[in-house]
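Colleague: Hi, I've got this model open and would like to walk through a few spots with you. Could you take my questions one by one?

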Amino acid sequence: MFKVVKRKELAPIEFEIFVEAPRIANKAKPGQFVILRIDEYGERIPLTVVDVDPEAGLVRLIFQVIGKSTAQLSKVMEGESLADVVGPLGKPTDIENFGTVMLVGGGVGIAALFPIVKGLKEAGNRVITILGAKTKDLLILRDECQEYSDELILMTDDGSIGQKGLVTQAMEEVFGREDIHTAWAIGPSIMMKFCTITAQKHDVPIYVSLNPIMIDGTGMCGGCRVTVADSIKFACVDGPEFLGEEVDWDEFISRMQQYRPEEMQANEIYEKQVSNNG
């Protein structure tokens with residue numbers, strides 16, 4: 001059993017929990033994730049490791065309520081326990097001193113971006129972070145990202161904080177004045193697609209973190225298969241991080257829409273916004 005020692009509502013339908021998992025806390029690196037079950041009958045839920053406290057043996061997880069299992073997870077209170085927490089899983093991010101780097105996060109994807117922001121800053125990089133969300137209330141981890149960023153740019157669809165517009169607009173502005181060595185983008189699939197297109201225009205490699213349907217997390221079920229560089233890869237063991245320009249975005253987005261129909265409307269809106277902004 002894995003005890004939840006702290007729980008907090010960060011934003012509407014977005015929650016943070018700290019779980020006692022000493023061995024994971026001692027091993028997890030930026031970019032990796034865990035799979036948890038609330039109880040013995042529960043669905044397996046993959047969540048990125050946002051941060052760790054090895055001394056206290058704690059793992060920090062952030063999730064968004066999007067279905068029955070995450071809704072149930074949001075009701076687990078401090079002092080209660082989870083049946084299983086398995087990890088760390090996946091390949092960690094390649095952290096080194098590249099020079100000047102750009103990191104772009106959207107929505108709940110900011111939770112997965114933060115450990116990479118922190119790791120790259122601690123490695124000595126000049127870190128420029130761009131965060132985007134629909135509105136101010138959904139723009140999580142602003143203070144934490146600010147702490148580990150040399151520059152933080154905030155973008156919201158409604159202009160309630162920062163600039164009104166898309167993260168790709170901020171990327172273009174930064175590319176116009178900075179020599180960026182490498183970039184990362186984590187968020188909705190449609191956002192990562194257009195971040196990739198934007199980075200390609202400036203010949204800058206960009207890494208993305210893919211979040212397909214995942215069951216076992218060990219490459220056995222094949223549910224998380226994605227096409228990368230014209231080959232079948234499994235996000236759980238080959239990723240979740242891949243070079244954006246090598247991802248078959250049309251296939252990936254199409255598969256995501258099959259499992260999450262609400263993404264179709266969101267994708268159409270994003271496509272229209274990008275078109276309107278040139």
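Colleague: Where is Gln32 found?

Modeller: Gln32 is in the loop between helix H1 (22-27) and strand E3 (33-37); helices (H or I, at least four residues) and strands (E, at least two) are DSSP runs, numbered from the N terminus. Residues are numbered from 1 along each chain as its sequence is written, and side-chain values use heavy atoms, with hydrogens and water left out. This is a predicted model, where local features need pLDDT of at least 70, side-chain atom pairs count only at pLDDT 80 or more, and totals for chains, interfaces and linings use all residues.

Colleague: Is Gln32 buried or exposed?

Modeller: Gln32 is buried, at 8% relative accessible area; buried means under 20%, with a 1.4 Å probe and protein chains only.

Colleague: What does the side chain of Gln32 reach at 2.9 Å?

Modeller: The side chain of Gln32 reaches the backbone nitrogen of Lys29 at 2.9 Å. A polar atom of that Gln32 side chain also lies 2.9 Å from the backbone oxygen of Gly90.

Colleague: And leaving aside neighbours within four places in sequence, which residues is Gln32 in contact with?

Modeller: With those neighbours left out, Gln32 is in contact (heavy atoms within 4.5 Å) with Lys27, Thr48, Val49, Pro88, Leu89, Gly90, Lys91 and Pro92.

Colleague: New topic. How many cavities of 30 Å³ or more are there?

Modeller: The count is two. A cavity is a set of points on a 1 Å grid over the protein atoms alone where a 1.4 Å probe fits but cannot get out, and lining residues have an atom within 4 Å of a point. Grid points are joined across faces, edges and corners, and a volume is the space filled by probe spheres set on the points.

Colleague: What is the volume of the largest cavity, and which residues line it?

Modeller: The largest cavity has a volume of about 40 Å³. Its lining includes Gly31, Thr48, Ile116 and Glu241.

Colleague: Last one: in what order do the seven strands of the open sheet come?

Modeller: The order is E11-E10-E9-E8-E12-E13-E16, with mixed pairing; two strands pair if DSSP finds at least two bridges between them. Strand E11 (163-164) and strand E16 (241-243) each have a single partner strand, so one side of each is left without a neighbour in the sheet.

Methods: Buried < 20%, exposed > 50% of the residue type's maximum accessible area, 1.4 Å probe, protein only. Polar contact = N/O pair within 3.5 Å; in protein donor to acceptor, adjacent residues only side chain to side chain. 1 Å grid on protein atoms, 1.4 Å probe; cavity = no way out; pocket = protein on both sides within 12 Å on 5 of 7 lines; lining within 4 Å.
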